[in-house]
Amino acid sequence: MSAKAISEQTGKELLYKYICTTSAIQNRFKYARVTPDTDWAHLLQDHPWLLSQSLVVKPDQLIKRRGKLGLVGVNLTLDGVKSWLKPRLGQEATVGKARGFLKNFLIEPFVPHTQEEEFYVCIYATREGDYVLFHHEGGVDVGDVDAKAQKLLVGVDEKLNLEGIKKHLLVHAPKDKEELSERDGREVAVEERGRLQLWAQSGESRVVYPCLGTHCAAPASGRKRLKSDVWGAGFGAESEGILASFISGLFNFYEDLYFTYLEINPLVVTKDGVYVLDLAAKVDATADYICKVKWGDIEFPPPFGREAYPEEAYIADLDAKSGASLKLTLLNPKGRIWTMVAGGGASVVYSDTICDLGGVNELANYGEYSGAPSEQQTYDYAKTILSLMTREKHPDGKILIIGGSIANFTNVAATFKGIVRAIRDYQGPLKEHEVTIFVRRGGPNYQEGLRVMGEVGKTTGIPIHVFGTETHMTAIVGMALGHRPIPNQPPTAAHTANFLLNASGSTSTPAPSRTASFSESRADEVAPAKKAKPAMPLGKSATLFSRHTKAIVWGMQTRAVQGMLDFDYVCSRDEPSVAAMVYPFTGDHKQKFYWGHKEILIPVFKNMADAMKKHPEVDVLISFASLRSAYDSTMETMNHAQIRTIAIIAEGIPEALTRKLIKKAEQKGVTIIGPATVGGIKPGCFKIGNTGGMLDNILASKLYRPGSVAYVSRSGGMSNELNNIISRTTDGVYEGVAIGGDSVLSTGVLPTPVHTPHLTESPAHEYPPCSHQIGGTEEYKICRGIKEGRITKPVVCWCIGTCATMFSSEVQFGHAGACANQASETAVAKNQALKEAGVFVPRSFDELGEIIQSVYEDLVARGVIIPAQEVPPPTVPMDYSWARELGLIRKPASFMTSICDERGQELIYAGMPITEVFKEEMGIGGVLGLLWFQKRLPKYSCQFIEMCLMVTADHGPAVSGAHNTIICARAGKDLVSSLTSGLLTIINNPDMRVQILKDYVRQHFPATPLLDYALEVEKITTSKVKKKMSLMPESEFWLNFSGKMRAREEADEYIDIGALNGIFVLGRSMGFIGHYLDQKRLKQGLYRHPWDDISYVLPEHMSM
């Protein structure tokens, strides 16, 4: 998500802190928040001005047109405010279609003023720049400001100066005029006793209409006259300067804090200064890493009518900590239909389909998970949804739709394992609430994911219906809602089994798999554009990709690069499409990849300039830079004239930075695909990164050779779904581009030059289906292109997000740009406009494939498209790691371990997750029990082990082990070397510490047979010799601990393998490390033993 609304209080707080203007802004920070839990006595202590000023009170819950709805209390005392709040605070109210509780109010000082002192100011972002709107008649009756207000576009990187403001915005600003005198038959504004009044003069008689605030008792004509006279009589150039300075400062504030929308209505200007009465604002949430210091912990309240749930906050926190995308919005917690959908675009499509089939009132949630979340993250997401949906029963049972498009790079089996874990954990509640689950998914390893999902249904008894890519993406919605039958045994999707070496064993690149169709351009020819209607801006190439395209990949994305090379190989390219990689965090080196079954080396450069210099043939850069570094690296890339196309994969780049990238790209003649894109693909030629998924999907969707249908999609996952739909209904894809789901598009829905040649002059006869979304107005360019004759080929288009108009409150979908700010941006409006322009528009996404097939078959019947003969594609070896994950091969392990497992999401000690170790407070003794003895020891045993470690930790600096450690430390050796030196010379030394252990054992151990026996032996041996002998600490440990073993053999085994010595070594290591750190802390120099402590003994013959 990008643009997020903030509360009025938050917006004003930021404005008062950071705006810089010469205009005197009044009532700074004078506001008080009231909730049902407010302590009025405490509130008055914090805001004593509440007792001395007239007040205004209003709800601060993102409600529009509060004045029209009677939700503003004006000119009240504090008691009046309390009385006004009594029937409203905490009560349910209806605003439009939304019903919600009024629970957050704002109290501010009342500002006496006339309607003539009210103005309207608004700033909002577009692709071209920021628009500033100003109208000299603000207030509750401002009306259609788009039609009435003065409007000024401030382009990207341009500044808004005072002269421009006065010239373009303040055209009706006050001018100095001669003082007006009262004339017969005229209405005149005058000031009397400090209040403006309207005098309607007629001869000797006059009627006085008092005016205060937004209310004036005069008739409309009188108010209009009053406005004119006040401008002429009361306001002059000084007021114009105040307005200009404020608007200038407001715009700079808007830019600096990355706002996307900022509206003040009314803005009041009096002789005392400027008053910001009502404010509405949105900020670019992706700029948090830039604005965190100024924003602080900014809150984004939900729209009115939708409560903020802790589960939503929990998922938002998971999302913030993850590189993946996790979103959850609760629409109706009592609803029957729940969704768990993978992909931002797919999640909207499923919501659309549910609403289209009559399920809008039962739709419980909107959400999505994407970007390759881990098994643990998917588990946390799934268990949250399952917990929510099993809290209240529904008489008709409940439905869970686990859907998604065909993933490009997410391991479906891994994410499904997390969902399966959650289903097992909630199997009881799921059966109790009569939940039926419908699953449809595709992508890497999806067959294993579907198998696991089907198995959990059989073992738990929960009805789970599983479908793959052979089933239309949204077909499961119709099945779930009873609009279509559920197949007993759905057909198995054909997937590749030919990841094999070439049968010939040849190392050469295989021959092309398909002759060029009649719909293809030959030899990369592109017809020139007509001069009358140029299809593309000057400087941009007529085609982005060919069989000879070479690219540089920014980022160490070895999996994506290998996928590109495999695609190149299966497309029978002569050379790999990746010439080099750039990774600034290592030195220059070479990275190993596979070309077919051969190993090749691709250079990796630390510096982009070096990569460009060494590879002048490269004209495409694929950037996997993070959202924080993508802007800088892209700007650097555009300094190299050889680059003509840049694909930006990163999601979450602030819109303001994207607009700067667009501006420079247009100046340089560079085409940018993205941001927030998976890329694009030209079958038989070139693909960007992970586009098209893995080879099984490349082959299944026939992307290894060109077809006759080009497409543009806003969604990466939906682009792969289009690959599947097009391959099943036509002869395949000619070219496809996922332009990204952000609100600011670098390319546009008709990405020149990606699409325009395909729509007009290209000898290829492909036609484009387009998958777009709610938000923005780019789709209207298609309508204009058709009407102007620039688009001559048939177009199939569907804008997703039709469900948005059915919801009672605004829902921000997964894509940042999927949000309508006006009626023309809704999916319904755009679909209607496209249909009226002659575009083929299905009734729903369910029918998209049928429409595509119908148009294609018509073109084939008319001879416009002549499909080429199919030839089997060349075979490609499968990577060992992927084949192992798919379970196609097995390999004997080189090592075995039985105490620890770090492969999952959590470290496991002897079968016990590390979180449980901490939760149970097992301590060091408990951990040693798990790792050394593979069992959970009783608490007294754990404490006994820890006592042994403590008493053996150190025996002073004079013993050999500690002495050697000290000497090595003083010689400048490292910790490990010094520790090793000490451990090599440790000896056992009995002492009185044994008594401590014996006392503990006798007090806590239930039985001590071995200790009793050893003590009896000690009595006998010490009575027979003069030198006293006693048990040593480690012996004491083992005598007592071995008594806890299951059998004598087990105890002997642990002694033989060195567990007894382990306790002593571990304890001693603690002391030796202490001595090492002590010497370093004391900065002791190289040790030299004193000569007077050495007895020098010469050989006997020399001493004679």
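**A guided reading of the predicted model**

The side chain of Ser 623 reaches the backbone nitrogen of Ala 625 at a distance of 3.3 Å. Beyond the neighbours within four places in sequence, Ser 623 is in contact with Trp 554, Ser 633, Ala 647, Ile 648, Ile 649 and Ala 650.

Seven strands form an open sheet, and their order is β26-β27-β25-β24-β28-β29-β30, with mixed pairing. Its edge strands are β26 (589-595) and β30 (671-673), each of which pairs on one side only. On average, and with direction ignored, neighbouring strands of this sheet are turned by 25 degrees against each other. Helix α18 (residues 630-637) packs on the sheet, where it touches β24 (551-554), β28, β29 (645-648) and β30. The direction of α18 makes about 175 degrees with that of β29. Elsewhere in the sheet, strand β25 (residues 578-582) and strand β27 (residues 598-605) pair in the parallel sense, over two bridges. Within this pair, Met 581 stands opposite Val 604 of β27.

In general, the strands of a sheet pair through backbone hydrogen bonds, in either a parallel or an antiparallel manner. An antiparallel case is provided by strand β18 (residues 325-330), which six bridges join to β20. Here Leu 328 has Gly 367 in β20 as its bridge partner. Strand β20 covers residues 365-370 and is mostly covered, six of its six residues being buried. Both of its faces are involved: Asn 365, Gly 367 and Tyr 369 are buried on one side, while Tyr 366, Glu 368 and Ser 370 are buried on the other.

A further antiparallel arrangement is an open sheet of three strands, in the order β37-β38-β39. The edge strands of this sheet, β37 (900-901) and β39 (912-913), each pair on one side only. Two bridges join β37 to strand β38 (residues 908-909), and these strands run antiparallel. Asp 901 stands opposite Ile 908 in β38.

In helix α3 (residues 78-85), the buried residues are Leu 78, Gly 80, Val 81, Trp 84 and Leu 85. They lie on the same side of α3 because they cover an arc of only 155 degrees around the axis. On the other side of α3, Asp 79 and Ser 83 are exposed. The cover over the buried residues of α3 includes β2 (32-34), α2 (40-46), β3 (55-59), β4 (73-76) and β7 (105-109).

Helix α30 (residues 960-970) can be examined in the same manner. Its buried residues are Gly 961, Ala 962, Thr 965, Ile 966, Cys 968 and Ala 969. These residues cover an arc of only 165 degrees around the axis, so they are placed on the same side of α30. Following α30 comes Gly 972, whose phi is positive, near 85 degrees.

Thr 126 lies in the loop between β8 (118-125) and β9 (129-135). Its side chain makes a polar contact, at 3.2 Å, with the side chain of Glu 128. When neighbours within four places in sequence are left aside, Thr 126 is in contact with Tyr 131, Leu 153 and Arg 659. Thr 126 and Arg 659 are 533 residues apart along the chain, yet their C-alpha atoms are separated by 8.8 Å.

These local descriptions may finally be set against the chain as a whole. The protein chain contains 37 helices and 39 strands. Of its 1104 residues, 54% are buried. Among contacts between residues at least 6 apart in sequence, 73% join residues at least 24 apart. The protein chain exposes about 50,300 Å², of which carbon and sulfur atoms supply 53%.

Note on methods
Residues are numbered from 1 along each chain as its sequence is written. This is a predicted model: local features need pLDDT of at least 70, side-chain atom pairs count only at pLDDT 80 or more; totals for chains, interfaces and linings use all residues. Side-chain values use heavy atoms; hydrogens and water are left out. A polar contact is a pair of N or O atoms within 3.5 Å; within protein, one must be able to donate a hydrogen and the other to accept it, and residues adjacent in sequence count only if both atoms are side-chain atoms. Contact means heavy atoms within 4.5 Å. Helices (H or I, at least four residues) and strands (E, at least two) are DSSP runs, numbered from the N terminus. Buried means under 20% relative accessible area, exposed over 50%, partly exposed in between (1.4 Å probe, protein chains only). Accessible areas come from the Shrake-Rupley method with a 1.4 Å probe; for residues, only the protein chains shown count as cover. The arc is that of the directions from the helix axis to the C-beta atoms. Two strands pair if DSSP finds at least two bridges between them. Axes are lines fitted to C-alpha atoms, for helices over the stretch in contact, and angles run from 0 to 180 degrees between N-to-C directions.
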